[in-house]
Amino acid sequence: MYQAAGNQIIVEYAVHQSEPPVPGFGLGWASPESVRTPLAAPLSSPLRDRLDVRQALLKAIAAPATAANGLHVVHGMAGSGKTALSQTVFDEAVADHGVVGLWVNASDRSSFRSGMLAVAHDRGASQQEVDAAREGRRPDADFVWHYLHSSPEPWLLVLDNADDPSVFGHGAWLRSSSRGIVLITTRLRDAAVWRRAAKHRLDVLDISYAVDVLRDLLVSAEDTAKLELLARRLGGHPLALSLAGTYLGRQFLEPVSVDEYLKRLDADPSLLDRGAEPGEQELRRLITSTWQISLDTLTEQGIPEATTLLRLLSYFGAAPLPVGVLSPTGLEGTGLLHALPPLTGERANLALEGLATHTLVSLIKADAGTERAAVPSVQAHPLLLETVASRIPVDQRALLLESAAALLRRLLSTDSGRYVDPHTLRLFTPHATALLKHAVAHRADAAIASALAIVRGLRDQSYVRGDYATARTLADDAAHVSDGQGTPEALTDRHERGRVLTALGHFDEAATVHRATLEAREALLGREHPQTLDSAHALGIALYGLGRWAEDERSMRRAADGRALALGATHPDTIDSRGRLAEAIGQQKRWAEARQLAAENLEVSERTLGDDHPHTLLSRIALAWVLAGTGEWEEAAVHTRATLAGSERVLGADHPRTLAARQRLADVLSHLGQWPKALKAAQSVRAVRQQILGPEHPHTLSIEIVLSRILRGIGRADKAGELSARTLAACVSVLGDDHPDTLACRAECEAAGAAVQTKSVDSRVVEQEDEES
């Protein structure tokens with residue numbers, strides 16, 4: 001007899017019946033209708049992808065006696081298709097491998113225990129034995145595993161939705177057997193009870209497989225590009241794909257296009273749930289509820305702060321977020337103590353660990369660039385963040401938004417460059433833009449002001465460091481939010497957007513932006529205000545890019561003279577404008593005037609700012625360019641080398657200004673006949689610009705013109721001709737027929753062609769002379 005108290009050692013001898021009883025028949029207690037049938041909704045489409053996991057599981061099922069461990073755990077975020085994978089493997093195992101399939105709902109202790117007792121009944125246990133185990137008169141786990149170990153047929157036991165490891169009684173229910181394989185599906189990445197199990201992680205689907213899922217669900221009228229757009233919007237999330245595809249596939253009376261569906265989804269993320277079957281009550285099949293199951297579990301486990309932390313994260317972007325943003329010290333300086341539930345710095349690590357354990361977030365190392373340590377970061381699926389953000393209580397939104405802004409602002413303004421350097425600055429861009437978007441959507445004025453300040457700060461830092469692509473994103477966001485305000489700050493946003501457009505080679509658009517900004521600043525601030533002069537200076541640079549030298553000179557002269565009066569002759573901005581003015585004058589072939597201005601400007605800059613100041617470097621390269629124009633190549637080389645060395649020290653080897661100096665050196669060296677060095681310098685500039693700026697950026701085209709001339713100079717006229725021909729086509733397309741660079745490229749193309757013809761004629765003459773001799 002089994003007693004509830006004391007240590008007992010019980011040896012049981014079971015008599016097997018000739019035929020197993022019908023599962024559940026006559027048990028007299030709540031049990032699954034059949035453990036031979038998966039307790040899950042039918043698959044809406046065939047399982048896609050997951051081939052490696054399926055093969056590994058089927059291999060173990062085919063030979064359980066030789067498997068190193070008969071316990072397998074399939075884990076992944078909610079809706080990743082863990083149950084669908086198990087259903088598919090279950091059906092394949094039963095049909096193709098002759099095993100008995102057993103399925104138990106392990107979502108709670110009661111369902112799990114009832115299911116396992118039904119498994120024992122299926123494997124031959126009598127009603128009396130089952131009742132004894134159910135009533136506690138014999139050890140239930142030992143009892144069930146006795147019948148599993150002695151099963152005449154091999155088996156596969158699926159324990160589905162095992163998101164609470166406590167149902168397994170500290171592991172007493174999880175054992176290995178030579179007769180079969182145990183397959184657990186769970187959201188939990190780690191749990192002590194399956195530490196020795198073979199783990200299989202499920203992630204989102206690749207886009208090609210995601211499109212297949214949509215096509216399975218009768219979304220066939222749309223072309224592949226539209227379906228790919230929808231699949232990317234849903235992040236390849238299997239449950240979301242299933243719901244969206246089902247919804248679109250059954251709109252018979254009024255078909256909904258993918259474009260229309262995406263518009264509606266942007267306005268209301270809960271639209272996804274309408275793809276669930278009518279009357280569907282299973283929360284795991286509702287995208288807006290499926291994450292809540294894990295949050296509720298964490299609350300029950302004593303970590304309610306996880307809900308607030310996930311809500312906070314939902315206001316950032318879906319890209320990796322450096323964990324430094326969530327430092328306990330930073331959290332303590334926000335209003336999150338007053339959130340519901342409260343989140344303190346002391347409990348933040350526990351909350352983050354809980355989210356990661358339930359695969360609501362991933363803890364990763366974000367790429368920080370070549371030769372830099374990866375940045376510890378947290379990342380969540382975009383659909384999770386979107387749906388969580390949409391369900392944040394109205395009275396919590398402003399507090400969470402302002403807290404998120406405070407955390408990001410604190411890190412960016414006080415973190416001694418640990419993350420904010422030329423290679424990792426861009427990690428914060430998607431989070432700043434997402435935060436601004438949420439703040440604007442909720443009309444949270446304080447959060448908008450904070451987020452806008454962050455975006456502006458990142459924009460300016462990105463521009464200074466030469467990361468113009470990142471600066472463009474931030475500049476567009478800031479200008480969009482402040483558009484139409486007519487304030488000095490709004491005009492600065494427009495001005496900075498124009499500067500980025502110039503840096504990216506969009507000179508025409510930049511000139512339009514700067515003209516409009518100049519006029520607006522004149523009206524608001526006055527003609528001689530420093531910001532008005534900033535616009536005149538920026539307009540001149542855009543006009544220079546367009547090759548409109550006379551207009552450039554007028555605009556830059558106004559900036560230089562105005563800055564000298566307003567700021568002083570030795571102010572860095574004045575020095576910058578005077579150097580640019582010298583270049584505009586030189587382009588119009590007034591070399592003596594340009595040389596005097598450039599030399600005087602460099603002397604002032606060196607005296608007041610120092611040799612390595614960025615503005616001194618600009619002044620020196622301006623003089624080097626003018627000296628090249630006057631044919632003083634040796635002196636031009638001295639100044640160019642000095643500029644290049646200083647730029648590499650101050651700005652870095654791949655900064656745009658450093659590349660400009662290296663291009664200038666390649667040109668100067670070619671005129672000095674130092675062809676190998678000139679070729680090496682030009683090729684290095686071209687490689688970096690093609691990678692960073694793209695093959696059709698005006699600056700990339702300009703170095704290709706120089707490179708073509710160098711190739712012709714070293715006798716490789718055929719290569720020069722091929723390169724100049726390609727470059728000319730791009731120049732015409734990007735810059736137009738009459739741009740100075742287009743004209744220069746056309747001349748180089750003709751020169752290369754002539755050199756090829758001359759070489760061909762010379763070769764024929766030599767051949768003829770050889771024949772005659």
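Helix 30 (residues 717-734) comprises 18 residues and spans 25 Å from its first C-alpha to its last, close to the 26 Å expected at 1.5 Å a residue, the expected span being 1.5 Å times one less than the number of residues. Helices (H or I, at least four residues) and strands (E, at least two) are DSSP runs numbered from the N terminus. The model is predicted: local features need pLDDT of at least 70 and side-chain atom pairs count only at pLDDT 80 or more, while totals for chains, interfaces and linings use all residues. Residues are numbered from 1 along each chain as its sequence is written, and side-chain values use heavy atoms, with hydrogens and water left out.

The buried residues of helix 30 are A717, A720, G721, L723, S724, T727, L728, A730 and C731; buried denotes under 20% relative accessible area, exposed over 50%, and partly exposed in between (1.4 Å probe, protein chains only). After helix 30 comes G736, with a positive phi near 105 degrees.

H699 belongs to helix 29 (residues 698-713). Because its relative accessible area is 32%, H699 is partly exposed. Residues up to four places away in sequence aside, H699 touches A503, F507, Q663, R689 and L693, contact meaning heavy atoms within 4.5 Å. The C-alpha atom of H699 is 7.4 Å from that of G505, 194 residues apart along the chain.

Five strands form an open sheet in the order 2-3-4-1-5, with parallel pairing; two strands pair if DSSP finds at least two bridges between them. Strand 2 (100-105) and strand 5 (198-202) are at the edges with a single partner strand each, so one side of each has no neighbour in the sheet. The twist averages 20 degrees from one strand to the next. Strand 1 (residues 71-76) runs parallel to strand 5 and is joined to it by five bridges; V74 has H200 of strand 5 as its bridge partner.

Two helices lie across these strands. Helix 1 (residues 51-62) lies across strand 1, strand 3 (155-160), strand 4 (180-186) and strand 5, running at about 150 degrees to strand 5. Helix 2 (residues 82-96) lies across strand 1, strand 2, strand 3, strand 4 and strand 5, at about 155 degrees to strand 2. Axes are lines fitted to C-alpha atoms, for helices over the stretch in contact, and angles run from 0 to 180 degrees between N-to-C directions.

Helix 6 (residues 207-216) and helix 7 (residues 224-233) pack at about 105 degrees, with axes 9 Å apart.
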